[in-house]
Amino acid sequence: MSNSTETDSLPGQRFRERFPLLALVIERMLLSILLLFAVSVLIFGGVEALPGDFATTYLGQSATPQAVANIRSELGLDRPIVTRYFEWLGGAVQGDFGTSWASRNSVSEQVGKRLGNSLFLAGFAAVIAVPLAVGLGMLSVHFRNRMPDKIINVISLAAISLPEFFIGYLLILYFAVNFGVATFPATVYDGMDFLDRIKAIALPTATLVLVVLAHMMRMTRAAILSVMSSAYMETAELKGLSAWRAIARHAAPNALAPIINVVALNLAYLVVGVVVVEVVFVYPGMGQYMVDAVTVRDMPVVQACGLIFAAVYIFLNMLADILAIIANPRLRHPR
Amino acid sequence: MPELLSVRNLRIEAVSHPPGEPPRRITIVDGVSFDLQKGKVLGLIGESGAGKSTIGLSALAYGRGGAEITGGEVILNGTDLLTLDNTGIRKVRGARVCYVAQSAAAAFNPAHRLGDQVIEASVRHGLMTKEEARKRALYLFGVLGLPSPETFGNRFPHQVSGGQLQRAMTAMALCSNPELIIFDEPTTALDVTTQIDVLAAIKHAIEETHTAALYITHDLAVVAQISDHIMVLRHGKTVEYGSVQQIIEAPTQDYTRALVNVRQTARMEASDQTSPLLKSDNVSAQYGNGFKVLHGVSLHLCKGQTLAIVGESGSGKSTLARVITGLLPPSEGKITFNGKTLAPALKNRSRDDLRRIQLIYQMADTAMNPRQTVRDIIGRPLTFYDGLRGAAKTARVKELLEQIEMSNGFIDRYPAELSGGQKQRVAIARALAAKPELILCDEPTSALDPLVAEGILKLLMKLQEEEKLSYVFITHDIAIVRAIADSVAVMHRGRLVRFGPKSQALSPPFDDYTDLLLKSVPEMEIGWLERVLDTRRMESAGN
């Protein structure tokens with residue numbers, strides 16, 4: 001870029017020119033925060049717009065207009081919606097999600113325990129699914145359009161086509177009921193030792209792995225294939241490099257960004273998609289907690305769960321984008 | 001003297017998948033034989049599809065994109081490469097035979113530093129230690145005239161220019177002290193002013209290291225500067241094989257003669273250039289980010305004449321065309337057409353204004369809808385501007401096909417079923433269908449082989465006579481300018497450096513840039529490169 005454009009540019013532009021990488025990362029983070037606020041408005045507004053309310057559900061047959069109004073004023077529902085939103089948001093930013101209407105306990109405390117359980121389940125599924133998917137992806141590249149590739153493709157497609165609750169019930173039927181090798185329901189409690197815990201979550205983990213495997217595997221395959229057909233891979237071959245060296249040194253760094261992206265997207269899906277699986281396996285995680293809260297219209301819990309799921313999703317996507325930005329040599333080493 | 005490389009009866013086949021037909025085997029190279037001695041350069045020349053690159057890659061026992069060597073021998077220093085197993089071939093590639101690709105920008109891995117890539121083959125083959133390889137790379141960067149050789153290797157591919165990348169790729173090929181290097185159109189993608197430097201660097205490096213080379217190109221003038229022998233190829237077969245002198249000065253085959261004398265078209269410059277049809281008054285333009293790409297360009301074109309705009313990539317010549325069409329409204333200045341000021345933006349122009357100015361692009365391929373037949377492609381402007389339908393439209397399409405010298409049989413073909421030259425002809429017919437007064441031709445022949453390009457130029461000139469058309473012809477090829485222009489505009493970095501009738505613009509005294517540009521165009525004459533370099537050396541010594 002010529003000198004004339006530099007002198008009359010704004011400080012922000014100058015910063016962007018000198019540290020393009022840092023500028024992009026910061027920009028991406030700010031965008032995530034903005035997005036999270038937008039989501040919080042949607043969640044609060046959405047929950048507010050739901051038909052039916054806690055007071056009528058709670059009182060059941062004895063819901064006289066007076067009793068309903070009493071409970072509503074007790075919970076502060078008679079105040080304007082904007083005030084309540086900012087109160088809720090102010091609390092949420094400090095980690096305080098208010099009190100559950102149904103149990104009168106602190107939501108944050110309850111969520112803390114449940115979130116730990118959910119992350120353990122999702123994390124364990126990820127530890128198995130990610131290496132497996134990338135490995136299978138590489139395998140199917142190696143055997144491209146031959147039998148192993150086709151088998152991997154068909155099985156993973158079948159797994160992604162079945163809804164996760166159906167896979168869950170199938171696994172329960174065969175492994176817990178017919179063969180009796182796995183436990184059901186997947187109950188975990190404090191002070192349980194690690195091995196027992198793993199044994200308890202074996203089936204929900206297997207369900208989640210089957211659901212996310214296909215997508216990651218196919219994206220890995222596509223990313224590597226697109227890199228393999230590029231001109232610099234031909235250069236590597238014409239340099240007489242071994243196939244292993246060509247893949248490890250020349251293909252891998254360039255295939256990384258798209259693979260990171262799809263992995264992060266699926267991790268986010270793991271955390272969020274866990275809701276249905278937890279209900280099927282009666283696992284005491286966030287998903288179960290949220291579904292229970294919805295049935296009794298316990299809004300503070302629903303809102304807290306919604307916001308936490310959204311935050312995890314946005315955070316993981318942000319992480320993927322930032323890693324992809326850093327993996328790009330053009331941004332890491334500007335002209 | 002023993003032969004370094006002997007190719008005997010080479011036969012290369014591939015499986016082709018034509019649209020809508022079952023796949024079939026086609027022969028790409030058929031019965032080609034040649035010898036190359038140590039330290040010599042053989043030029044392989046021919047149009048696209050002649051099999052030049054395929055033959056070059058066979059010296060590495062490599063078939064690109066499903067091409068398969070099915071017969072013959074490729075003997076390197078007594079060993080037939082085609083009999084070697086995978087491990088044996090790998091030991092030859094990158095060590096004894098190296099390859100320089102046409103697009104170094106794509107052939108370098110964007111994720112690694114240039115230096116590491118340059119020395120990789122030498123180190124991996126165990127020919128030298130990392131330290132020795134680095135020293136050799138440094139020496140080669142110097143030989144190839146790269147800027148600050150000590151630090152050049154630390155850069156990433158995107159941090160250096162196209163010409164520098166091409167030289168770095170040559171350094172990469174030379175690094176392992178190979179016996180043979182395959183140069184596959186190493187300067188085709190470069191501007192002429194860059195091409196001459198790269199060409200000189202390659203020639204110097206070959207002389208310095210006594211490496212033998214196969215030099216593949218479609219430009220006879222380029223290969224005449226660098227080769228000892230030339231082999232002319234067509235449709236995978238040898239047309240003629242001889243010394244450079246013999247091929248350039250006394251070709252025996254008609255096809256070679258046509259290649260040598262390719263530019264026969266010539267146009268007398270129009271004497272009256274005073275009443276302009278198109279005028280550009282002090283036009284400046286910039287893109288959305290405030291980056292200025294045109295600086296106060298003023299020029300004009302008279303009715304029935306051709307204005308050639310020359311310059312290298314990034315000089316702003318295509319941007320000027322975008323401003324004239326209204327695709328990019330100018331930030332300052334105005335465009336006048338037929339004495340009337342045109343609306344700056346496309347969307348504010350009347351349909352009749354749009355009709356008067358038509359475009360032909362460099363890539364006819366991408367400028368046509370692949371799902372439309374020739375009838376639809378040419379018929380669209382007929383309906384849009386004149387409201388023609390049915391039989392009247394078909395009749396007019398046939399008339400236009402006749403004008404572009406194609407038979408009625410093409411009317412229901414799809415673009416994929418046409419050759420490159422035929423596609424460009426259809427694009428011309430589409431422009432013609434609007435009955436324009438001005439056609440902007442944006443490098444319409446630069447993607448075509450010389451003989452095909454010549455046909456397109458002749459057609460354009462015939463149509464100019466018949467229809468009294470005016471052309472703005474954007475090109476980087478000075479020979480085309482000499483052949484077809486009435487007036488010439490030379491552009492450099494967004495500025496107009498020279499404008500006037502051809503006879504004045506292309507005769508001395510020159511400004512510095514035009515002088516460099518004109519001197520950089522390879523001439524079909526042995527020793528041209530040395531002469532130009534000598535003049536340059538004398539000039540710089542005189543300064």
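Residues are numbered from 1 along each chain as its sequence is written, and chains are lettered from A, ligands numbered from 1, in the order in which they are written. In this predicted model, local features need pLDDT of at least 70, side-chain atom pairs count only at pLDDT 80 or more, and totals for chains, interfaces and linings use all residues; side-chain values use heavy atoms, with hydrogens and water left out.

**Exercise 1. Describe the overall build of chain A.**

Step 1. Take the secondary structure. Chain A has 16 helices and zero strands. Both are DSSP runs, numbered from the N terminus: helices are H or I with at least four residues, strands are E with at least two.

Step 2. Check the extent. The C-alpha trace of chain A spans about 85 × 70 × 35 Å along its principal axes.

Step 3. Compare with a globule. Chain A has a radius of gyration of 25 Å, whereas a compact globule of 335 residues would have one near 20 Å. The radius is taken over C-alpha atoms, and the globule rule is 2.2 Å times the number of residues to the power 0.38.

Step 4. Domain 1 covers 3–93 and domain 2 covers 107–332. These bounds come from an automatic or database domain assignment. The C-alpha centres of the two domains lie 28 Å apart.

**Exercise 2. Work out how domain 1 and domain 2 of chain A meet.**

Step 1. Count contacts (heavy atoms within 4.5 Å). Domain 1 puts 22 residues in contact with 19 residues of domain 2.

Step 2. Get the area. The two domains bury about 1800 Å² between them, 80% of it on carbon and sulfur atoms. Buried area is the accessible area (1.4 Å probe) that two parts lose on being put together, summed over both. Leu21(A), Arg28(A) and Val47(A) supply 29% of the area that domain 1 buries against domain 2, more than any other three residues.

Step 3. Look for charge pairs. There is one salt bridge between the domains. The term needs a side-chain nitrogen of Lys or Arg within 4 Å of a carboxyl oxygen of Asp or Glu. Arg28(A) and Asp321(A) form a salt bridge at 2.6 Å, N to O.

Step 4. Find the elements. Helices H3 (20–49), H4 (54–59) and H6 (81–93) of chain A each give two or more residues to the domain 1 side. H3(A) gives the most, with 14 residues.

**Exercise 3. Work out how chain A meets chain B.**

Step 1. Count contacts. 20 residues of chain A are in contact with 28 residues of chain B.

Step 2. Get the area. About 2500 Å² is buried between the chains, and carbon and sulfur atoms give 55% of that area.

Step 3. Count the charge pairs. Four salt bridges lie between chain A and chain B. Arg245(A) and Glu120(B) meet in a salt bridge at 3.0 Å, N to O.

Step 4. Find the elements. H12 (231–238), H13 (243–281) and H16 (329–332) of chain A each supply at least two residues of the side that touches chain B. H12(A) has the largest share, six residues.
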